[in-house]
Amino acid sequence: MTTPLHAQLCWASQHAGLFENGVGRQFESGWAHSYKMANKKNIVKIIKVLKEKSEVSMLGNFSRNKPFYILISTVLSARNKDEMTIIATKKLFSKYKTPKQIAQAPLRKLEPLIKQSGFYKTKAKRIKEISKILLEKYKGKVPSDFDKLISLPGVGRKTAGCVVVYAFNKPAIPVDTHVHRVSNRLGWVKTKTPEQTEQELMKIIPRKYWLDVNEVLVIHGQTVCKPITPLCNQCKITNYCRYYKNLIKKKKY
Ligand code: SF4
């Protein structure tokens, strides 16, 4: 259920003092939003605040599995909801666990297992091709190198970045729709595509925090900073948000 904009603003005006460090101070005319600009120091602060959340993303949960599991689940997650990806991945790996098994499996047996992943016919072909290449070129192992990963069929920058981060714990900034939207709303970047966002984020976020970026922004985007109507009234980082600053300005708070 979404919360209408005016209701969010009313809530914000009534509860401004509850926000971290008090997001606003009361003036005769209402609440003032004390915006803190996006710079390296504040971005690190936000990452730390968002890390306090207890939720874990789908890939965060999958990270205990082998790199092959992370790679295949990320390929299955393309244009799909996490709940469906989880079902498809679990079904697939309950029958076929290794690159060799998937490479040798007939498509007609793979397809029904990953039906919930959407575009399952194309994805079945992809995971079979990927498995064959892993066997032929990498001795059945998933490479941890970003460039080798993006050379695999159907593996783009986001998927490669997710494998690097979640399977190998190596720094990268995978940018999906949540990371792209939230970092633009916060004012960290002003970009049109996830690729541009990735490049800009790598410039402004210290490398030691790259591992956290996808996880915290995905969770924030799924739970609070939702696509159509962000739940600003439940957000702990309004002080640091350009979108919220503009929202307040428009309503003359
Ligand atoms: S204040 Fe609103 S728009 Fe800004 S990050 Fe929080 S939920 Fe998203």
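Is Lys139 buried or exposed? Lys139 is exposed, because 8 other C-beta atoms lie within 10 Å; a residue is termed exposed at 12 or fewer such atoms, buried at 20 or more, and partly exposed in between, with C-beta atoms placed from the backbone. The structure is a predicted model, in which local features need pLDDT of at least 70 and side-chain atom pairs count only at pLDDT 80 or more, while totals for chains, interfaces and linings use all residues. Residues are numbered from 1 along each chain as its sequence is written.

Lys139 is placed in the loop between helix H8 (120-138) and helix H9 (146-150), where helices are DSSP runs (H or I, at least four residues) numbered from the N terminus. Although not a glycine, Lys139 has a positive phi of about 55°. Most residues other than glycine have a negative phi. Arg79 also has a positive phi, near 50°, and is located in the loop between helix H4 (67-76) and helix H5 (82-95). Arg79 counts as exposed because it has 9 C-beta neighbours inside 10 Å.

Beyond its neighbours within four places in sequence, Leu71 is in contact (C-beta atoms, placed from the backbone, within 7 Å) with Val142, Val163 and Ala167.

Lys170 belongs to the loop between helix H10 (157-168) and H11. It is partly exposed, with 15 other C-beta atoms within 10 Å. Apart from neighbours within four places in sequence, Lys170 is in contact with Ser144, Val164 and Val165. Between Lys170 and Phe146, 24 residues apart in sequence, the C-alpha to C-alpha distance is 9.9 Å.

The ligand is surrounded by 13 residues, of which Cys225, Pro230, Cys232, Cys235 and Cys241 are the closest; a residue is near the ligand if its C-beta atom, placed from the backbone, lies within 6 Å. Helix H11 (177-186) and helix H14 (242-250) are the elements that give two or more residues to this shell. By class, the shell has 11 nonpolar, one polar and one charged residues, where Ala, Val, Leu, Ile, Met, Phe, Trp, Tyr, Cys and Pro count as nonpolar, Asp, Glu, Lys and Arg as charged, and the others, Gly among them, as polar.

Note on methods
Two residues are in contact if their C-beta atoms, placed from the backbone, lie within 7 Å.
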